[in-house]
Amino acid sequence: MIASKLCVPKLRLGLVPRPRLVELLHRGTTSKLILLSAPAGFGKTTLLAEWLDRTFDKSHAVAWLSLDPGDNEPAAFWPAMVAALQTSVPTVGQAALELSASRPFQTELVLTTLLNELMEIPHDVVLVLDDYHLVDSREVGDGMALLLGHLPSKLHLVISTRADPALPLARWRVRGELVEIRAAQLRFTPVETAAYFNGTTGLDLTENEVAAVEQRTEGWAAALQLAALSLQGRDDAAEFIARFTGNDRYVLDYLVQEVLQQQAGPVREFLLLTSILDRLTGPLCDAVTGRDDGSHSLIALEHANLFTVPLDDGREWYRYHRLFADMLRARLLSEQPGQIPQLHQHASRWYEDRGMLPEAVGHAMAAGDFERTAHLMELAAPWIRRERLDSMMLGWLKELPDSAIRNSPVLSTFYGFMLMTDGDLNSVEPRLKDAERAMAAIPEGEASPWADIEEFHTLPATIAIYRAALAQARGDVAGTLSHARHARQLSGPADHLARGAAAGFLGMAAWAEGDIPGALQEFTQAVASLHSAGNTVDELSSTVVLADMWLAAGRPGKARQLMQAALQRSQAHGTAVARASAELHVALGEIDCETGDFNNARSHLDAAALLLKGVPANESRFRWFAAKGLLAHCEGELEQAIECFEQSEPLYQRGFFPEVRPIAAMKARVLIAQGKLLEAGDWAREQGDPIMDGARYLDEFNQLTLVRLLLAQDSETQQRPHPGTGTGTGTWTAGTATATGAHAASLLERLAEAAKGSGRAGSLMEIRMLQALVHAAQGRKAQALETLGMAFTGAPEPGEYRQLFRNEGTPMTELLHHATQHGVAVDHARRLLRPRPPAQLQGDGSSPRLGPASSGEMLSEREMQVLRLLASDLSGPQIARELFISYNTLRTHTKHIFTKLGVTDRRSAVRMSRDLGMS
């Protein structure tokens, strides 16, 4: 950042005092916002400089930020604003600046941190944002609205702009929280106009001439100044003023011509040639003009009041008044159009020599030299990647001809990566092939034109990694493995990022194939490589994936231990790793759901929600909504679970992690729990016949969901009254081995064999549990109990699984009761049969307390009334009428009963209440 952006402009000599406006500004410090909004040339910046100089003494803190187009994205705007604040309060904003370095940039989190720091500032601070119209991005506007919505009382914000910002001005206006100074107030009054012409400029115009000028210019400060310059040394003031007419644009065109024509040839030439520059300093001007008098010329222009504004106290950097610069450029284009590209080339090379690559790229682009522009973008690529300013690179790429991108292997690869993150998978491979063609086109024996480009030397490994990601996004496990292995071969021993990425994709490919030992081995190495590379955010996020693999191995305790250690490490890095911390909280919440510790799960999800505010990462939000839906399902809030899953589904991004737990199948499980078997059947039909075939790990979750649907359909069929009997067959009475049940049993047997051979103890426990339910549904009691026992004895950490069994409702409850009666897995069965205590009786979050509670502690009097009627043959509406309550109220009571008893349906609630002696 150029330091002069943070300097309050100096007052000009002979300034016309404007006490009425200074007083209005001073009164505005009691409001939320002072807004100066008027067209260019109305003296907004000059007025602010006067106010700050004449109103505030040394005890007051003043912060100033002159904005430019380079500040038009959050990653540039907010650090610049913090830097401005630190010129007055050095201790504020450091945590926000550290957070700003993390990518993607998290506007809401940065602002939350900054606002908390601003609450502690010791004295009032006036912060001026000048030329705010140059930052018109929606993201910056949203952040500014957030800042103003929570503005600390000691911070006073002033915005100077040519156009109204996209802020809720009307609301603040009605509330009296906005002070506005617009063109009508900024126009010079007749008294101020006379003071300017007859005092500051010494032109000694008559009263009528002053009135004419004031009328023709309507008090427009820039036009007044231009008119005064044009009037210098003229004997025909009255005639000139008479011809001074037209709208603003034509008046300005006329005056600039008049001013330029009054200048000596060298001065006029200097003004025209340097007009291509947004900011001017002597050496830069010399590089552009080919002269050696740049510094002297700038000082002379300032003294002559030729619209040259100093930007720092040392008089090193200047800028032209923007209207003046616009007109100079128009004149240059008219008089010397062929010289403009060369001038931009000179400026570009000057900036490149000083390592100021964004400015160098801008001038090369303006020169139309796209080959050089591409080269500069390649040089800037490491910095862009390090700072995660992808939007800046994307903006450059959109201006660059496609042929220039295709001729650059670095830019082609970079573009492919951005297309992948946008979900445009079909466009990625052509860009990667462009990169390879460009590299292959280098004649043998000749030096590479990209030898000085840092990104070029690791490009082959990078391309292979991107291809691995692309293959994974398309479900091509073999392709993922092939490309990841190739990336590992291409990366050097010290290239930890490339080696970590390669190991990561090898691990995820093994995971997608169900090879959990192989996945754990590779992904453990990936996390270690990220640690060696110092990439803390990705290391912590990858720990979540590693924990998922341990869950598949049946080791939730190990997964929890890993994530708790990572979460503790993340606390040392603070908000800089907020996204990774949120992902760890979400994954820990999911484990808590399985162990039945819903309070702790909710605490983790709430903590993650706070950290994810303002984070654009869809993958993190996808999993948060999925976990929220899982918790709702576990607590019996089935409609809420469906809603959460529907919010999660569109956020899933292919190419990052295997889809081992499809959201559509999670929704189907909730529909089954709701008894909406027709809707769940629609889901199954959408999967097609292949869902019943094979034992591929990526299909496993869908297949186990289908088994649950088949069991529910069989149960519904068996419970229908049989002709002539009027009764149904229960699970433990006259079950029959239906064709559907046989199909489910066959599928589960294939899945069990695959899980056993792949180290997937977590999958195997769930498969054995469902096999036991299938046997029970078909009347094979002994086999059901034997298989249930195998489910517990075959799991490394069976005590960590609670909700897996409880979510199966009545059939599982009855099977567990039968197990206790026959001495099978008695400890596990009794533990699962204990009702989950109410929220206020649970522990501190480390583990749930599952001891039974008395009926008085668990159920209210009304809930006990409902429970007794649930044991009857009355339907829901009939129970509601019996109790003189609405059906919706009955449903609420029923949900509370189910939650307190740890069951999911009416029959289980009645059975549980009898076992506990409650009815």
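## Cysteines and disulfides

A disulfide is taken here as a pair of cysteine sulfur atoms within 2.5 Å, and a search of the whole structure, which is a predicted model, finds zero of them. For C593, the closest cysteine sulfur belongs to C634 and lies 4.8 Å away, which is too far for a bond. C593 is buried, with a relative accessible area of 1%, whereas C7, at 24% relative accessibility, counts as partly exposed. In these terms, buried means under 20% relative accessible area, exposed over 50%, and partly exposed in between, with a 1.4 Å probe and protein chains only.

## Helix α3

Helices (H or I, at least four residues) and strands (E, at least two) are DSSP runs, numbered from the N terminus. The 13 residues of helix α3 (residues 74-86) should span 18 Å at 1.5 Å a residue, and the end C-alpha atoms are 18 Å apart, which agrees; the expected span is 1.5 Å times one less than the number of residues.

Helix α3 is mostly covered, since twelve of its 13 residues are buried, among them F77, W78 and M81. The buried residues of α3 pack against several elements, including β2 (61-66), α5 (107-118) and β4 (155-161), where contact means heavy atoms within 4.5 Å.

## T813 in helix α42

T813 is found in helix α42 (residues 810-821) and is buried, with a relative accessible area of 10%. Leaving aside residues up to four places away in sequence, T813 touches L833, S908 and R911.

## Basis of the values

Residues are numbered from 1 along each chain as its sequence is written, and side-chain values use heavy atoms, with hydrogens and water left out. In this predicted model, local features need pLDDT of at least 70 and side-chain atom pairs count only at pLDDT 80 or more, while totals for chains, interfaces and linings use all residues.
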